[in-house]
Amino acid sequence: MSSVPDFKRKAAQYHLKRYGVGLLFMLPWIIGFCVFVAIPIGWSMFMSLHKVAVVPGGFKYTWLGLQNYRDAFLKDNVFPIELITYFQEMILMVPIIVIFALLISLLLNQQFPGRFVYRALFFLPVIFATGQVLSELFTQGAGDIPFLDQYNLEPVVRQYVGGELAKTVMEVLGRVVLILWYSGVQILIFIAGFQTISPSIYEAVRIDGASPWESFWKITLPASVPFISLNVLYTIIDLFTFPLNPVLKHIKDNMFKVDTGYGYASALAWIYFGFIFVLLALVTGLFSRSMRLKGGRP
Amino acid sequence: MMPKLRRLRTASPFQVILITLFTALALFMSLPIVFIFNHAFKPQNELFLFPPRFFVRHPTLHNFETLFLHASNATVPFTRYLFNSLIVVSLTLVSVVVVSTMAAYVLAKYQFHFKQLIMSLITLSLMFAPETVSIPRYLVINGIGLNNTYLGHILPALASPVAVFMLVGFISQIPSDLMEAARIDGAGHVGIFVRMILPLSVPAIATISILTFQGVWGDVETSTLFMQKETMRTLAFYVNSLLSGLQNNVAGQNMAAAAGLLIFIPNLIIFLLFQRRVLETMVHSGIK
């Protein structure tokens, strides 16, 4: 009789201990996260509902409700347009970057002399893609490619794509260099991912008579689905928090304007965030479903 | 040299095509680096050539000389900025790696309360551009009195969602059977973490080290917002203020070019240090 509750108590203790260990390992991160990420984000949510004015000795908050959010769409004549344009570009650029990275990393995964050097070269741009150097290069016009103007590609694109989309396509073409530069981390993630596929599997299918083409579709691609999803998410996030992007620039400009102020800028940031959130949720949903269908691997 | 040459001669046509392709692409990608290096050594008259020239004709060290002289005449010497940067970067790197690997390990392999909540919080906070929370962050830093301390540089970078996000993906690929085996052999939680998870996730750790290093090394936000004393600011801030002060200034362009190279070099070194580990195969590490 008494052994059953005893067992239950022991089980509860065991679980508590297990859970406790997990939480203990998490603790430093959680504290850091709360203080420097969660609280500031919450604060900016609070600010987005207010008109924030700087007065001597601190800030003055005036309750506005959702007025800031309404203004963003109804009064601001820059923000919605920039948001939509950037979104169009994104939807084109993300697949290009990820597919490009996948191809390059597949090739870099081959055996050939000096691949070590090439791997390093492809990652190098990431190093200076952050910060000063990049903006310097862009202002000097190193970011766009001359053949676009030289061969007058624009009418051709307009003819085949048409309408508003043609503008987006041109913008993306103009950023080919940026795409090349931005795939460094993704290539790295893919290469690291390929290492988790054991060579003996390839050997086995080769003995069974599969061509390299088949072994790519049947082994490499399915095994790298988690890494593709990781890369898609990483690329989206990377592009959206890219400091030179027009939407973020607009938000920053508004932050220091007297008539709009920090409250309005926070509201813009939250709208922007909402859009990214929807996009990421879609992507994550798609990938987790395809992974569940495949079964097995988490 | 000889075996290399022999290998080249025995390369298959496919490999030849691959190498040619990659050489072309790699040359294209390395243009900016070549530019930065050459730019820093150009004498004044070559800096303003039109059309601009990629390669330097008469390399000179004059640019660096001017930069150091300018810095030593200022109220805070150049070495002080360098020292600050080095301290901040090394401490941040170590603490970010330890904290995020610990967090990612339990997120990937343990069950505990609020795990789902934490995972979704990480993904959510990834999407938030750091610029937009800078003012609340300042208020928090000010509130706990971290202004003008090294901790003010380090702590904001500590809870890095990107690092945890990447590590969780990587660590969950490590088979649980390995950990199970270690547990049966009598390893504790800390033992498994230190003796198995850390060594096995070295490629991922190297990746996040590179990313963190770049982020911290080039970061001017903490110096601008949280540090009011000039002596606590970092090299990136100094170079940045130098550059923005010289936007339309002819005389300072050579200093800007030299400073650009100086800020770039450590990134390159860190990358070369870590990339071998990143790219090294995990075949022998016992996975599968």
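This is a predicted model: local features need pLDDT of at least 70, side-chain atom pairs count only at pLDDT 80 or more; totals for chains, interfaces and linings use all residues.
Most residues other than glycine have a negative phi.

Chain B also holds a helix pair formed by H10 (residues 161–171) and H13 (residues 202–217), whose axes lie 10 Å apart and pack at an angle of about 165°. Because angles over 145 degrees count as roughly antiparallel, H10(B) is described as roughly antiparallel to H13(B). The crossing of the two helices, H10(B) and H13(B), is right-handed. The residues that make this contact are set out below.

| Helix | Residues in the contact |
|---|---|
| H10(B) | B:Ala163, B:Met166, B:Leu167, B:Phe170 |
| H13(B) | B:Pro203, B:Ala204, B:Ile205, B:Thr207, B:Ile208, B:Leu211 |

By class, the contact of H10(B) with H13(B) comprises nine nonpolar residues and one polar residue, with no charged residue.

Chain A is considered next at the level of domains. The domain assignment divides chain A into domain 1 (3–48) and domain 2 (67–294). Five residues from domain 1 of chain A and seven residues from domain 2 of chain A take part in the contact. Between them, domain 1 and domain 2 of chain A bury about 510 Å², with 64% of this area on carbon and sulfur atoms. Of the area that domain 1 of chain A buries against domain 2 of chain A, 78% is supplied by A:Met45, A:Met47 and A:Ser48, more than by any other three residues.

Definitions and conventions:
Residues are numbered from 1 along each chain as its sequence is written. Chains are lettered from A and ligands numbered from 1 in the order in which they are written. Side-chain values use heavy atoms; hydrogens and water are left out. Axes are lines fitted to C-alpha atoms, for helices over the stretch in contact, and angles run from 0 to 180 degrees between N-to-C directions. Helices (H or I, at least four residues) and strands (E, at least two) are DSSP runs, numbered from the N terminus. Angles under 35 degrees count as roughly parallel, over 145 as roughly antiparallel, 65 to 115 as roughly perpendicular and the rest as oblique. A crossing is left-handed if the near helix is turned anticlockwise from the far one by less than a right angle, and right-handed if clockwise. Contact means heavy atoms within 4.5 Å. Ala, Val, Leu, Ile, Met, Phe, Trp, Tyr, Cys and Pro count as nonpolar, Asp, Glu, Lys and Arg as charged, and the others, Gly among them, as polar. Domain bounds come from an automatic or database domain assignment. Buried area is the accessible area (1.4 Å probe) that two parts lose on being put together, summed over both.
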